[in-house]
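Q: Please take a close look at a single part of this structure. Walk me through it residue by residue, and then set it in its surroundings.

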Amino acid sequence: MAVNRRFLGRRGQSVAAKEAVARRQREDDAPRLKDVAGHVTSLKFAIEETQDGIELAEVKHTRRIVLDHASARFEFACTEAKCEGGGHDITRDVLDGLEARKAEFGGKHACTGATEHAPCTRVLIFEAEAEYGD
Ligand SMILES: [Zn+2]
């Protein structure tokens, strides 16, 4: 079955796939953003990661949040291929910023996962831009 073939890859891919499913589940279980921060009319993130303090150009990206169905949970995957159990949950920082109606805010989050023999050293740096209605 073509569907199963995806899970036959390297172990790391399978772990990443499982973590992506779990992350999506946590996002689905969380309240909707429009219910907890209905005054937000636009939200986007600029994301960077560093490893051992060195900026990783290849993981830089921006993400615009589609507000209609957005989860009020903001969690980004760790992009270190060997990392297990990692990720960046910046929900509290984001909700605090939106609550305070900040047009721009940001922060850092150290990965909570581990690679084979050591804690993961990835750090996520985010900048958020938001707009608000009444
Ligand atoms: Zn990690």
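A: Start with Ala-37. Beyond its neighbours within four places in sequence, Ala-37 is in contact with Ala-72, Leu-95, Leu-98 and Glu-99. Contact here means that the C-beta atoms of two residues, placed from the backbone, lie within 7 Å. The model is predicted: local features need pLDDT of at least 70, side-chain atom pairs count only at pLDDT 80 or more, and totals for chains, interfaces and linings use all residues. Residues are numbered from 1 along each chain as its sequence is written.

α4 spans residues 91–99. Helices (H or I, at least four residues) and strands (E, at least two) are DSSP runs, numbered from the N terminus. The buried residues of α4 are Val-94, Gly-97 and Leu-98. These residues sit on the same side of α4, because they cover an arc of only 95° around the axis. That arc is taken from the directions from the helix axis to the C-beta atoms. Buried means 20 or more other C-beta atoms within 10 Å of a residue's own; exposed means 12 or fewer, and partly exposed lies in between, with C-beta atoms placed from the backbone. On the face turned away from the buried side, α4 carries exposed Arg-92, Asp-96 and Glu-99.

Now the cover. The buried residues of α4 are covered by elements including β1 (40–51), β6 (104–110) and β7.

Gly-97 counts as buried because it has 20 C-beta neighbours inside 10 Å. Not counting residues up to four places away in sequence, Gly-97 touches Lys-102, Phe-105 and Ala-128. Its C-alpha atom is 9.0 Å from that of Ala-130, 33 residues apart along the chain. After α4 comes Arg-101, with a positive phi near 55°.

Next, the core. The largest nonpolar core has 12 residues, among them Ala-37, Val-94, Leu-98, Ala-128 and Ala-130. Such a core is a set of buried Ala, Val, Leu, Ile, Met, Phe, Trp, Tyr and Cys residues joined through C-beta atoms within 7 Å. α4 and β7 (122–132) each supply at least two of its residues. β7 gives the most, with 4 residues.

Finally, the whole chain. The protein chain has 4 helices and 7 strands, in the order α-α-α-β-β-β-β-β-α-β-β. Of its 134 residues, 19% are buried. Among contacts with a separation of 6 or more, 64% join residues 24 or more positions apart.
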